[in-house]
Amino acid sequence: MFPILRKERLAPGINLFEIKAPKIARHAKPSQFIILRLHERGERIPLTIADHDPERGTITIVAQEVGKTTHELGTYEEGDAILDILGPLGRPSHIDRFGTVVMIGGGVGVAEIYPVAKAMKEVGNYVISILGFRTKELVFWEDKLRNVSDEVIVTTNDGSYGMKGFTTHALAKLIEEGKRIDLVHAVGPVVMMKAVAELTRQYGIKTVASLNPIMVDGSGMCGACRVTVGGQVKFACVDGPEFDAHLVDWDELMKRLTYYRELEIMSFERWKG
Ligand code: FAD
Ligand code: FES
């Protein structure tokens with residue numbers, strides 16, 4: 001069992017959990033994730049290791065309530081425990097001294113870019129973080145990202161905080177201002193990552209995206225997380241989750257994410273009672 005040491009409501013529908021998991025905390029690297037199962041009848045869902053503390057032996061996950069399992073996780077409190085957690089899974093980010101790196105997080109993706117931004121900064125990159133939210137009350141971890149970035153730009157779709165618009169508007173502004181950008185790293189909704197890729201392709205800016213297909217076993221065996229990258233079949237759990245964003249078949253990914261929609265809704269409704 002994996003006890004929850006701390007729970008924090010970061011924003012409506014977004015929960016942080018600090019969980020005792022010493023072995024995972026010892027080995028976790030940026031962009032790696034875990035697959036958890038809440039209890040014996042629970043399904044397995046992947047969540048990024050948003051932070052970790054090898055000394056305390058803890059990992060931090062930030063989960064957005066979207067369906068049955070993430071809502072059920074949201075009912076867990078400090079002192080509760082999660083039945084099993086598998087990880088760290090996936091290939092770590094390629095961290096190098098690229099020059100200027102623009103980190104883009106959309107919604108809960110902001111938590112996922114944190115460990116990568118931190119590592120990019122530690123090796124000497126100039127880090128610009130663009131954090132995109134629908135509205136002001138959903139903004140979280142701006143301060144945490146400021147600690148590991150040289151510049152932070154917050155965007156809200158409705159203009160209630162920071163720059164009005166999408167993360168791509170902030171990125172386009174940087175490009176138009178003539179900012180030299182050596183690498184863009186994007187994590188968030190598929191539509192956002194696709195839009196970032198389409199923009200940076202025009203300027204030949206290397207872009208990496210962390211993909212979020214449906215995952216089951218996380219070990220390359222079940223095929224659930226199949227994605228097409230550069231015309232080749234890849235399994236995001238073992239070959240990713242990060243890929244060259246200019247080579248990803250985004251439309252296929254979007255289609256595959258909706259395959260089980262009816263069953264997901266049914267399962268959520270049944271759980272709600
Ligand atoms: P459901 O109703 O089952 O599904 C809602 C939607 O979530 C689905 O339509 C589908 O698009 C997606 N989804 C469903 N099941 C899975 C699954 N087993 N694997 C992946 N996606 C699924 N979310 C976060 O909030 N924080 C994170 O840090 C985070 N990291 C992720 C890292 C990786 C590598 C991947 C692949 C996904 C990550 N996700 C993260 C997405 C998260 O796994 C899904 O939101 C979650 O599985 C939804 O489960 P549910 O039962 O609550 O919702
Ligand atoms: Fe099963 Fe990737 S989750 S192959």
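The centres of domain 1 and domain 2, taken over C-alpha atoms, are separated by 21 Å. Domain 1 covers residues 2-89, and domain 2 covers residues 100-257. This is a predicted model.

Look at how the two domains meet. On one side, 19 residues of domain 1 make contact with 21 residues of domain 2. About 1,700 Å² of area is buried between domain 1 and domain 2. Carbon and sulfur atoms give 64% of that buried area.

Now step back to the whole chain. It holds nine helices and 17 strands. Its radius of gyration is 18 Å, close to the 19 Å that the globule rule gives for 273 residues, so the chain is as compact as a globular protein of that length. Its C-alpha atoms fill a box of roughly 55 × 40 × 35 Å, taken along the principal axes.

How much of the chain is buried? Of its 273 residues, 51% count as buried. The chain exposes about 13,000 Å², and carbon and sulfur atoms supply 50% of this area. Contacts also reach along the sequence. Take those between residues at least 6 apart: 64% of them join residues at least 24 apart.

Next, go inside. The largest nonpolar core has 36 residues. Val 102, Ile 104, Leu 171 and Trp 250 have the most contacts inside this core. Helix 6 (residues 190-203) gives the largest share, six residues. Both domains take part: domain 1 and domain 2 each supply at least three residues.

Pick out Ile 104. Which residues does Ile 104 contact, leaving aside its neighbours within four places in sequence? They are Ile 113, Ile 130, Thr 167, Leu 171, Val 184, His 185, Ala 186, Val 187, Met 192 and Val 196.

Helix 5 (residues 167-176) is mostly covered, with seven of its ten residues buried. What covers them? After helix 5 comes Gly 178, whose phi is positive, near 85 degrees.

Follow the chain on to Val 184, which lies in strand 13. Is Val 184 buried or exposed? Its relative accessible area is 0%, so Val 184 is buried. Not counting residues up to four places away in sequence, Val 184 touches Val 102, Ile 104, Leu 171, Val 196, Thr 200, Ile 205, Lys 206, Thr 207 and Val 208. Take Ile 205 from that list. Val 184 and Ile 205 are 21 residues apart in sequence, yet their C-alpha atoms are 7.2 Å apart in space.

Lys 68 lies in helix 2 (residues 68-74). Why does Lys 68 count as buried? Its relative accessible area is 17%, and buried means under 20%. Leaving aside its neighbours within four places in sequence, Lys 68 is in contact with Ser 267, Phe 268 and Trp 271.

Technical notes: Residues are numbered from 1 along each chain as its sequence is written. Chains are lettered from A and ligands numbered from 1 in the order in which they are written. This is a predicted model: local features need pLDDT of at least 70, side-chain atom pairs count only at pLDDT 80 or more; totals for chains, interfaces and linings use all residues. Side-chain values use heavy atoms; hydrogens and water are left out. A nonpolar core is a set of buried Ala, Val, Leu, Ile, Met, Phe, Trp, Tyr and Cys residues joined through side-chain atoms within 4.5 Å. Buried means under 20% relative accessible area, exposed over 50%, partly exposed in between (1.4 Å probe, protein chains only). Helices (H or I, at least four residues) and strands (E, at least two) are DSSP runs, numbered from the N terminus. Domain bounds come from an automatic or database domain assignment. Contact means heavy atoms within 4.5 Å. The radius of gyration is taken over C-alpha atoms; the globule rule is 2.2 Å times the number of residues to the power 0.38. Accessible areas come from the Shrake-Rupley method with a 1.4 Å probe; for residues, only the protein chains shown count as cover. Buried area is the accessible area (1.4 Å probe) that two parts lose on being put together, summed over both.
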